[in-house]
Amino acid sequence: MVERANDIRPGQVLEHNDGLFLVVNIMHTQPGKGGAYIQAEMKNIKTGAKHYERFRSDAPIRRAILDEEEYVYLFTEGEVVHLMHPSSYEQVTLNLDLLGEKKIYLQNNMKIKVITYQDKIIFAHVPDYVTLTVKETDSVIKKQTVTSSYKPAVLENGIRINVPRFVREEDKIVVYTPDDSYYERAKE
């Protein structure tokens with residue numbers, strides 16, 4: 001889809017220099033002399049490398065048309081993740097690396113968002129909120145008010161996060177996956 005550089009927004013994916021780039025940040029600049037321009041901070045989807053580009057505000061750009069579908073996680077076999085479409089039951093496979101460091105959150109029957117470009121999977125996302133069980137944490141010492149209100153904990157998937165003092169071993173908690181942080185105690 002051809003648009004003008006003035007229409008670029010963070011979160012969009014552009015076709016640029018024979019690649020796909022995720023727009024991370026933009027800055028509109030209107031110098032005293034010359035025409036206005038847009039300074040875009042972008043990330044190459046394939047390599048993950050940052051790229052900075054300056055566009056004239058009226059320059060044509062091509063926004064990539066991406067398709068997003070939800071699949072159900074089945075299992076991982078080596079470096080390959082097997083997913084199933086919930087309504088058509090079509091199974092697809094993708095490389096475990098497409099999930100990046102968030103692959104540690106994979107759980108049976110988890111809904112995974114798969115983003116495709118021209119029928120090719122370019123990345124996948126685990127949900128923002130995942131429920132996990134606390135496997136190890138320090139016990140609470142009564143009347144301990146001088147220390148911080150958080151303590152370290154190890155979750156069932158091996159990740160270490162800080163949790164509030166009231167959380168105990170075997171408690172189920174909700175983790176916010178984008179920054180690997182405690183969100184709330186899971187509601188039963």
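I began with Asp128: leaving aside neighbours within four places in sequence, Asp128 is in contact with Val175, Tyr176, Thr177 and Pro178. By contact I mean heavy atoms within 4.5 Å. The model is predicted, local features need pLDDT of at least 70, side-chain atom pairs count only at pLDDT 80 or more, and totals for chains, interfaces and linings use all residues. Residues are numbered from 1 along each chain as its sequence is written, and side-chain values use heavy atoms, with hydrogens and water left out.

**Entry: where Asp128 sits**

I placed Asp128 in the loop between strand E11 (120-125) and strand E12 (129-137). Strands (E, at least two residues) and helices (H or I, at least four) are DSSP runs, numbered from the N terminus. I then looked up accessibility. Asp128 is partly exposed, at a relative accessible area of 40%. The classes are buried under 20%, exposed over 50%, and partly exposed in between, with a 1.4 Å probe and protein chains only. I also took one distance: the C-alpha atoms of Asp128 and Ala153 are separated by 20 Å, and the two residues are 25 apart along the chain.

**Entry: Thr177**

Next came Thr177, one of the contacts of Asp128. Thr177 lies in the loop between E15 and E16. Is Thr177 buried or exposed? Thr177 is buried, with a relative accessible area of 3%. Its side chain reaches the backbone oxygen of Pro127 at 2.8 Å. Not counting residues up to four places away in sequence, Thr177 touches Lys102, Tyr105, Val126, Pro127, Asp128, Tyr129 and Val130.

**Entry: salt bridges**

How many salt bridges does a search of the whole structure find? The search finds ten. The criterion is a side-chain nitrogen of Lys or Arg within 4 Å of a carboxyl oxygen of Asp or Glu. I went through some of them.

- Lys50 pairs with Glu41, with the closest N and O atoms 3.1 Å apart. Lys50 is exposed at 57% relative accessibility, whereas Glu41 is buried at 16%.
- Glu170 and Lys135 meet at 3.7 Å, N to O. Glu170 lies in the loop between strand E14 (160-164) and strand E15 (172-176) and Lys135 in strand E12, so the pair ties together parts 35 residues apart in sequence. Lys135 is partly exposed, at 39%.
- Asp171 pairs with Arg185, with the closest N and O atoms 4.0 Å apart. Asp171 is in the loop between E14 and E15 and Arg185 in strand E16 (residues 181-185), 14 residues apart. Asp171 is partly exposed at 21%, and Arg185 is partly exposed at 39%.
- Glu101, Lys102 and Asp180 are linked in a network of salt bridges.

**Entry: nonpolar cores**

Last, I looked up the cores. A nonpolar core is a set of buried Ala, Val, Leu, Ile, Met, Phe, Trp, Tyr and Cys residues joined through side-chain atoms within 4.5 Å. The largest has 27 residues, of which Leu83, Leu106, Ile112 and Ile173 touch the most other members. Strands that each supply at least two residues of this core include E7 (67-77), E8 (80-84), E9 (91-95) and E10 (111-117). E12 gives the most, with three residues. I checked Leu106 in detail. Leaving aside neighbours within four places in sequence, Leu106 is in contact with Tyr73, Thr76, Val81, Leu96, Leu99, Ile112 and Val126.

Definitions and conventions: Polar contact = N/O pair within 3.5 Å; in protein donor to acceptor, adjacent residues only side chain to side chain.
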